Amino acid sequence: MKKTVYFHIGHPKCGSSSIQNFCDINRQKLLSDGFCYPNIPDNRHWHAQISPTFYKAAGVEDRSELYIGYIIKAIKESPVNTIILSAECFYE
């Protein structure tokens, strides 16, 4: 099944957190409307862990490959074809 992935690339301080919180709170409603906002371990609200920029900014070991694996699994297992990913650090 072909899936479409939309990346919400929010710049810091432009309302991205509000969009992420909305998607998190309304995860089930979004799913019933045909959109998957994947949940990944350690953080429900956003998907920064899949970006190496997140780790570089935090000055910690890059674990993005681990979280990319979680996202790929979530996408493959999703019953819907449209996926939404969101994080401020995607813009770099």
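**Glu88, a buried charge**

Let's start with Glu88. Glu88 is buried, yet it has no salt bridge. The nearest side chain of opposite charge is Lys13, and that is 8.2 Å away. A salt bridge needs the two charged groups within 4 Å. Keep in mind that this is a predicted model.

Where does Glu88 sit? It is found in the segment after β3, and β3 covers 82-87.

So what does the Glu88 side chain make polar contacts with? One partner is the side chain of Ser17, at 3.5 Å. Another is the side chain of Gln20, at 3.3 Å.

Now the wider surroundings. Leave aside the neighbours within four places in sequence. Glu88 is then in contact with Gly10, His11, Pro12, Ser16, Ser17, Gln20 and Trp46.

Pick Ser16 from that list. Ser16 lies in helix α1, residues 16-25. Is Ser16 buried or exposed? Its relative accessible area is 1%, so Ser16 is buried, as the cut-off is under 20%.

How many bridges join β1 and β3? Six, in the parallel sense. For one example, Thr4 has Thr82 in β3 as its bridge partner. In general, strands of a sheet pair through backbone hydrogen bonds.

That's the tour.

Key
Residues numbered from 1 in each chain as written. Predicted model: local features only at pLDDT ≥ 70, side-chain atom pairs only at ≥ 80, totals over all residues. Heavy atoms only, no water. Helix = DSSP H or I, 4+ residues; strand = E, 2+ residues; numbered from the N terminus. Buried < 20%, exposed > 50% of the residue type's maximum accessible area, 1.4 Å probe, protein only. Lys, Arg positive; Asp, Glu negative; His and termini not counted. Polar contact = N/O pair within 3.5 Å; in protein donor to acceptor, adjacent residues only side chain to side chain. Contact = heavy atoms within 4.5 Å. Pairing = 2+ DSSP bridges.
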